[in-house]
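This report concerns charged side chains and their pairing in one protein model. Please consult the sequence and the structure shown below.

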Amino acid sequence: MRMTIMALILLLAVATVSAQTPKFGVGAFAGFSLPVAQDDQGSGTEFGFRGRLKLSFLTVEPNFTIAKWGEGDLISGVTAMPDGSKVTSFGIDALLGGAPGVPGFKPFFVIGAGSYKVKNDDTQFEETALGFSGGLGFLIGLSPKFDLDARGKAVVIPMEDGGSKKALSVTAGLAMNV
């Protein structure tokens, strides 16, 4: 417990270390999305864009993401599976740690929420719901203007019928700090 508290204090200190930290930024990212506990969906690609607003101890990132899940595993007695769903989201993430625009390696925690639209043309499924995400990542500051960003997040999208869509998202990207 003591080590966890010390790690959180260290992350907060790193986030507030530089008075020269850029206040705004933009970036793009790509990676893969792996549906969890969904036999009718396979892993697929993910890409998107994000803005960045650096506050004193956290960074707020509005984002737009598109994920295309792949075809699921064949089920006994079924000769062909439908294509995977397309997931489009508009959301906002909060990063605790990271310190954008500061050279070096900077880990962070990320939590987020957004409006997720899950659509599958083959099955005529379409639903929009509020979803949540959380995970870990790191920035590698190449210069005060550019950061490499890598993160992994668990995404949960509750559905109206009581179930949920879940996925692990692993992305990397480049951000420009203004």
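## D147 and its partner

D147 counts as buried, at 0% relative accessibility; buried denotes under 20% relative accessible area, exposed over 50% and partly exposed the range in between, with a 1.4 Å probe and protein chains only. Its side chain meets that of R52 in a salt bridge, at 3.3 Å from N to O. The term salt bridge requires a side-chain nitrogen of Lys or Arg within 4 Å of a carboxyl oxygen of Asp or Glu. The pair links distant parts of the chain, as D147 belongs to strand β7 and R52 to strand β2, 95 residues apart. Strands (E, at least two residues) and helices (H or I, at least four) are DSSP runs, numbered from the N terminus.

## Basis of the values

The model is predicted: local features need pLDDT of at least 70 and side-chain atom pairs count only at pLDDT 80 or more, whereas totals for chains, interfaces and linings use all residues. Residues are numbered from 1 along each chain as its sequence is written, and side-chain values use heavy atoms, with hydrogens and water left out.

## R52 and E61

R52 is buried as well, with a relative accessible area of 7%. R52 also forms a salt bridge with E61, the closest N and O atoms being 3.4 Å apart. E61 counts as buried because its relative accessibility is 0%.

## D149 and R50

A salt bridge of 3.7 Å, N to O, is found between the side chains of D149 and R50. D149 lies in strand β7 and R50 in strand β2 (residues 41-54), so this pair ties together parts that are 99 residues apart in sequence. Both partners are buried: D149 has a relative accessible area of 3%, and R50 has a relative accessibility of 10%.

## K153 and its surroundings

K153 is placed in strand β7, which spans residues 146-158. With a relative accessibility of 14%, K153 counts as buried. Its side chain and that of D93 are joined by a polar contact of 3.1 Å. Such a contact is a pair of N or O atoms within 3.5 Å; within protein, one must be able to donate a hydrogen and the other to accept it, and residues adjacent in sequence count only if both atoms are side-chain atoms.

Leaving aside residues up to four places away in sequence, K153 touches D93, V110, S133, G134, G135, A167, L168 and S169, where contact means heavy atoms within 4.5 Å.

Side chains of opposite charge can pair when their charged atoms come close. The count of salt bridges comes to ten.
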